[in-house]
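Notebook open, structure loaded. I'm jotting down what I looked up, one stop at a time.

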Amino acid sequence: MSTTHDDVTGQHPGAAFGIPEGAEGEEVVDAVFGDARPSEGLEALRAELAAQAEGRIAGIEGIDPALMPYLEAAQEEDSLVGPDGSLTLAQVREAGISQAEREAAQEEEDLQALRELVAHNMLGSTGSGDLDQLDALLAEVDEDDSDDWDQWDQWEPVLPQADDPTDLGEELASEIEQHQADLRAAAHGVEVSARMRQVEAEILSRAPEHKVQPSLERVEAVLDIIGHPERTYTVVHITGTNGKTSTARMTERLLAATGMRTGRFTSPHLATIRERISLDGEPISEEGFIAAWEDVAPYVAMVDERSQASGGPRMSFFEVLTVMAFAAFADYPVDVAVIEVGMGGTWDSTNVVDSAVEVITPIGRDHQAWLGDTIEQIASNKAGIIKDGATLITSTQPRQAQEVIAEAAAAHAVVWRRELGTQEDPDATDAGVLQVVDRTLAVGGQMVTLKTAAATYEDVFIPLHGQYQAHNALLALAAAEAVFAGRALPARVVQDGFAAATSPGRLEVLRSSPTVIVDAGHNPHGVSALVPAVQEAFGFQHLVAVVGAMADKDVEGILSVLEPATDAVVVVPMDSPRAMEVEDLAAVAREVYGEDRVIVAEDLGSGVEQAVALSEGFDAPMTASGVLIVGSVVLAAEARALFHRA
């Protein structure tokens, strides 16, 4: 058994052995031995100790010989005890000592006895080192007056306070209230989601967006009734064949980096219809979407009734969404809205805005059934968004498209900022002023140097792959400058804006080892830009394509671009009434690839698995093989959902 310093300090001598304070003579022996003490007293005890020392047991429990000095001191006190057990003053005088001297002597004797007791029983050794240690310990105790008895007699135990029943009641009430609030929030969420599905079903019941109704009358009528919300903020209007959505997203991020409140309207969506209407870079909430619909629904119904009465159609899916977006932006409110056309330009329902800035991205053949078969016809339709006195930003274009745009720019007296052509002399007086001066690959994207009419921006990181994204970034930068009357943007705004840019479903990596990439490219023009971007960014030795497409697309043209860059193609069905039947798609693929390089899959999931197996079947490192999912925005959405990116 060991005893600590704290066990000793603050107690009277002998307390650790059950000896009462002030005990004398027989009381000490009684306390130490209790019932085991022989009636003969101390002399018998000495006899017993002697018997124990000789290895004999005399009928009593043993005691450590180290106790003897203490007991002898106690017996010596008996000589000063009177008949009644008390010490008289006369006896003290007879002994020739004062009370103080006696107490000092008694304390010294007690300490000496305690030293021997502790040295023997507590320190576990009789060496001089232990005694020295004990002396040091006792000296420390003597110097420490924190536990003197004159303080201890004032001490009262302090027990932990029990919780106030009132506090417990309040805490319980708070927990119950929070639980009820959580239940109400959950119930509200269920109600909102149910209402969201109802609203979406109502909108989707209308004519789909690919069925163009060449008139702006219905949209203008609703906007007129609700007070033209689209006139309450600055508008950047974007059209083109490819790159519209990426350019819109980068433009919005640059403007947001200046501190402006932003709205963005893009199409189609990948995961949720709410993506189409964005506020400060985030999809509008379910509550916000419902509110936008309920704000315009009565007026949509009025215009529907008027149109049908005159033999016209109800407002289409896209027309309703356009009106909702314009109303939501005004209600938020935003400072600037970036609006992407749905299709074409002239008759697109977004073309009711009086835009301050227009952007035309690269033009190619797509949607020929509605926009025309020639580049000139398509360019003419897209140039329909140009407004009088606006600032026009354009990319490099095919010659036929460039001529059409130039004519429209002159007719509307715009400030035209166009990209320098690949064969154009930069020193010519009429040369383009926008230029991608330099670009290098970087982890997760590319570093670019961009030149506009206002400034040259060096070493800008674009977190998107592909040369075409550098050119999209150039257009976005020029458009953001145009919002500020053509002034250069601060370097920090440019860096922060581009660093925050994303473009889901555009050369997006869904998985690694092997790498699986998805891109929403759905026409030969877009895929022609995609293929070199994949080769540049990933350097695959082997690539397998997974393709699904709409029936109205140039599938043969898409596959013809993919074929030289891929080892095989897996064709898959899509969940859309407009999708090409998978067997029809396979027939076209066999004509382009040959019979032995085409696989038909039951669905996208199994198609990706087969493509991965094919890509891994070559004698090459796993990182040298990849899978490219391409052909449709709908397919890109399904792929993102498959890989839990929705």
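I started with His644, which is exposed at a relative accessible area of 73%. My cut-offs: buried is under 20% relative accessible area, exposed is over 50%, and partly exposed is in between (1.4 Å probe, protein chains only). His644 sits in the segment after helix 23 (633–642). Helices (H or I, at least four residues) and strands (E, at least two) are DSSP runs, numbered from the N terminus. I also noted a positive phi near 60 degrees for His644, which is not a glycine.

Ground rules before going on. This is a predicted model, where local features need pLDDT of at least 70, side-chain atom pairs count only at pLDDT 80 or more, and totals for chains, interfaces and linings use all residues. Residues are numbered from 1 along each chain as its sequence is written, and side-chain values use heavy atoms, with hydrogens and water left out.

**Another positive phi**

I went to Asp280, in the loop between strand 3 and strand 4 (282–283). Its phi is near 50 degrees, again positive in a residue other than glycine. Asp280 is partly exposed, at 29% relative accessibility.

**Cis peptides**

I looked up Ser267 and Pro268 and found a cis peptide bond joining them, with omega about -10 degrees. Pro268 is in the loop between strand 2 (262–265) and strand 3 (277–279). Tyr332 and Pro333 are also joined by a cis peptide bond, omega about -10 degrees. I placed Pro333 in the loop between helix 13 (317–331) and strand 5.

What does the side chain of Gln397 reach at 2.9 Å? I got the backbone oxygen of Thr361. The Gln397 side chain also makes a polar contact with the side chain of Ser395, at 3.1 Å. For me a polar contact is a pair of N or O atoms within 3.5 Å; within protein, one must be able to donate a hydrogen and the other to accept it, and residues adjacent in sequence count only if both atoms are side-chain atoms. Gln397 lies in the loop between strand 7 (391–394) and helix 16 (399–411), and it counts as buried because its relative accessibility is 14%.

Next I checked Glu419, in the loop between strand 8 (415–418) and strand 9 (435–442). Is Glu419 buried or exposed? Glu419 is buried, yet has no salt bridge (a side-chain nitrogen of Lys or Arg within 4 Å of a carboxyl oxygen of Asp or Glu). The nearest side chain of opposite charge is Arg418, 9.1 Å away; Lys and Arg count as positive, Asp and Glu as negative, and His and the chain ends are not counted. I did find the Glu419 side chain reaching the backbone nitrogen of Thr396 at 3.2 Å.

**Nonpolar surface**

I listed Val212, Trp347 and Trp370 as a nonpolar patch on the surface, with about 280 Å² of accessible area together. Patch members have over 30% relative accessible area and no salt bridge; like charges are joined within 9 Å, nonpolar side chains (Val, Leu, Ile, Met, Phe, Trp, Tyr) within 5 Å. Areas come from the Shrake-Rupley method with a 1.4 Å probe, and for residues only the protein chains shown count as cover. Trp347 is in the loop between strand 5 (336–340) and strand 6 (357–360), and is partly exposed at 45%.

**Last stop**

I finished at Gly466, in the loop between strand 11 (456–462) and helix 17 (467–483). Gly466 counts as buried, at 3% relative accessibility. I noted that Gly466 and Val531 are 65 residues apart in sequence and 9.2 Å apart in space, C-alpha to C-alpha.
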